[in-house]
Every structure is written in structure tokens, then in C-alpha cells.
Amino acid sequence: MKIILDIMGGDNAPSATLVGLLEACRTWQNVGFIAVGNEEIIKKTAEEMSLSLSLPNLTLIPAPSVITMEDAPLSVVREKNDSSMALGLRLLAEGEGDAFVSAGNTGALHAGSTLIVRRIRGVRKSGIASILPLSKPLLLMDSGANLELKPEEYVQFAKMGSVYMKGLFRIENPTVGLFNNGTEPTKGPASLQEVYKLLKNADGVNFIGNIEGKDVPWGKCDVLVTDGFTGNAVLKTAEAMGSFFFEKLREIAGKNAKTKAAGLMLKPELKAVKKQVDPSEYGGAPLLGLSKPVIKAHGSSDSTAIFNAIRQAIGFVQSGVTYEIAEMIANENKPAADAAEKTAGKEPEAKKEATGND
């Protein structure tokens, strides 16, 4: 197995990405790692931080330019097609690696993944599937890739998210909820009411209805589907509220001798809770629906988050979820494809490659 990392992507690159990568190299010595980025900057950063790049499972691939957070999404295939992100995606598409990890520009990563790596045949759109570390892991999809979705795309996201939760979290029949401003089927705009009906009648979707914002932290469902604009707002609000909560606890604990003593006694339990709700523990989110695994790490990822994003990439490859999604989509489309071939006077093919590019 080989994991490709965009070493220049993210607010804290290349120092955080380099430290996280080297820790991964030492942890998974049977896995190959390909670091893509500006060779001069990488070597200078390693020297300044007293880090050794001489590891047997690490390869450095030079890339002269960098996709910044301000660059337009299509710059990854136009002005900056020689960037660390673009080159890393091409290496993945060409079979030089098994998964790609980047903390860079979300729009560019989504556009580049769609145009270079390509979607699984039959997938309408790929989406960012983020885990919210709440009372239990909750998959939020989409969390930033698509500002708008058609009703049928919500259904496909629900199905892909269910395959993911079953494959990686061993949930046999994941429950699916639709994010809305009320639990009744008639709540929300007409488009969401249509989505509700489609999800309710969709085969292979364990739909439990609408989920309100107040119910999200309590694990009312395993997969929560929404558009990328709303999902990204939910994700960032949840992360910010976690930080706010623990900052307030820190203030209370330091208020006087009594609260300091109570804080010391509760410190182990509070640490455990903080670890449970820390988004860096998951590190990154896969773009479900692509023909090969691409993991989007948070733009502000530190070295721990990068390490965990790499860990997630390894687990994603090992799970075979990409192939399971491809098989599910192929099976859904087979009756229509067979009917079309019969109409054209052809015999249906016995088997087609499920993960063919869209």
C-alpha cells in the first residue's frame, strides 16, 4: 500500500504535514509514503526542525507550485497543474498510490478529484463525508463540497454514507436522517419535502426522518444528509462549540481554590471527553463517490490531525468501501442498462467493471 500526501497543503504546512507524515512513516513501516511538494522548502523545513527524511518507506516527489486557500477551484487543472495537489491527484489516478491526503483548498481538491481521479461510474456527485465526534460517531454528508444538491443526489449520498458507516464502523444497518428545521415530513422548503419522500421509499436506506439541529449531538442517526453549504456550517459550528465549552470549563476551574481542586479531580475524565469530541482524532474526511480514495484534512490541521488523516486513508483503503459503493451503484443501474441493451438488440454483458470512471 502507498499513501500520497500533499505536503504543501494547509495553513500549517509544511511543518505540520511533515511532522505528521514522518510519524506515520515510523508507525506503519510496511506502508509506502509519497510526499509531494517543493523539494527545497521541504528539506529546509526538515533541517530547521532537525527531522530526518532518510526513511526507507518515504519517497519525495518535487512539485514547483502550491494551491493556496485563495486560488480558484479550477486552478488545480489550469494555472497550477504543476502544484503539489495536482501532481498528487495525477499520481493517484495513474495508480502510483492507493490514496491521496490533502489539507489544502477544499474547492480545488473537489474539482481536481472529480476531473483527474474521476467519480465512480453512475455516481452523480462526490461529497465530503465528515465524522462528527459527538455522543457517538455521526457521518455528515455533504460537509462542504456541493453548495446545492438535487433530490436524487441526497438519496445517493445517503446510500454511500450507509456503506461507509457499515464498512468502517461496523454498523450493520445504519440509520439515516435528513437535516431539516423540524421533524414533520412537511417541514422545510418544497425541495426537502421531496427529498423526504424519496428517502422514505428508497431501497437500502434505513431512513428515520428529519433531524433538527438540537438532536444532532445526541446521536439520533448514523448518517445525516444535507447540502454542502448547510453541512459545512453545521460542522464548523460543532467544532467551535466544543472549543468554546472547554475554554469555559478552563476558566471556571481556575476561578478559585475550590474550583481548582474540583478541576484537578475531574482532569482525567475531562481529558477523555475532550479527546472524544476532538475533530483532529479523525483527522480527515473522505470524498465519497470517487473511483479512488481522497481524504480531505482540515485546513488548520496540526501534525496530530495529519497523522490521523493518514491513518484514516489507510483504513479506508483496507475497508474496500470504494469497491462496495461501486458495486452498489452498478447493481442499481444494471436493470436499466440491460433493458437498454435488449432494446438495441444486444445481449446484456455478464459483468462490467464497477469502478470504471464516470
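This is a predicted model: local features need pLDDT of at least 70, side-chain atom pairs count only at pLDDT 80 or more; totals for chains, interfaces and linings use all residues.
Helix H2 spans residues 39–48, and its buried residues include Ile-42, Thr-45 and Ala-46. These residues cover an arc of only 100 degrees around the axis, which puts them on the same side of H2.

## Strand S1 and its parallel partners

Strand S1, made of residues 2–6, is mostly covered, since four of its five residues are buried. S1 pairs with strand S2, residues 32–37, in the parallel sense over five bridges, and within this pairing Asp-6 has Val-36 of S2 as its bridge partner. Together with helix H1, which comprises residues 15–27, S1 and S2 make a right-handed β-α-β unit.

S1 also pairs with strand S4, residues 99–102, again in the parallel sense but over three bridges. In this second pairing, Ile-4 stands opposite Phe-100 of S4.

## The five-stranded open sheet

Another part of the model contains an open sheet of five strands, arranged in the order S6-S7-S10-S8-S9 and with mixed pairing. Strand S6 (130–133) and strand S9 (206–211) stand at the edges, and because each has a single partner strand, one side of each is left without a neighbour in the sheet. On average, and with direction ignored, neighbouring strands of this sheet are turned by 30 degrees against each other.

Strand S8, residues 175–179, pairs with S9 in the parallel sense over five bridges, and Val-176 has Phe-207 of S9 as its bridge partner. Helix H7, residues 228–253, packs on this sheet, where it touches S6, strand S7 (137–141) and S8. The direction of H7 makes about 35 degrees with that of S6.

The side chain of Ser-130 is joined to that of Ser-143 by a polar contact of 2.6 Å. When residues up to four places away in sequence are not counted, Ser-130 touches Leu-138, Leu-139, Leu-140, Ser-143, Leu-235 and Ala-285.

Most residues other than glycine have a negative phi, and most peptide bonds are trans. Against that background, several places in this model deserve a careful look. The peptide bond from Ala-13 to Pro-14 is cis, with omega near 0 degrees, and Pro-14 lies in the loop between S1 and H1. The peptide bond from Met-141 to Asp-142 is likewise cis, with omega near 10 degrees, and Asp-142 is part of the loop between S7 and helix H5, the latter covering residues 151–169.

Two arginines have a positive phi: Arg-118, at about 80 degrees, and Arg-170, near 60 degrees. Arg-118 lies in the loop between helix H4 (106–117) and strand S5 (127–128), and at 32% relative accessibility Arg-118 counts as partly exposed. Arg-170 is found in the loop between H5 and S8, and at 66% relative accessibility Arg-170 counts as exposed.

Methods: Residues are numbered from 1 along each chain as its sequence is written. Side-chain values use heavy atoms; hydrogens and water are left out. Two strands pair if DSSP finds at least two bridges between them. Helices (H or I, at least four residues) and strands (E, at least two) are DSSP runs, numbered from the N terminus. Axes are lines fitted to C-alpha atoms, for helices over the stretch in contact, and angles run from 0 to 180 degrees between N-to-C directions. Contact means heavy atoms within 4.5 Å. A polar contact is a pair of N or O atoms within 3.5 Å; within protein, one must be able to donate a hydrogen and the other to accept it, and residues adjacent in sequence count only if both atoms are side-chain atoms. Buried means under 20% relative accessible area, exposed over 50%, partly exposed in between (1.4 Å probe, protein chains only). A crossover is right-handed if, with the strands pointing away from the viewer, the path from the first strand over the helix to the second runs clockwise. The arc is that of the directions from the helix axis to the C-beta atoms.
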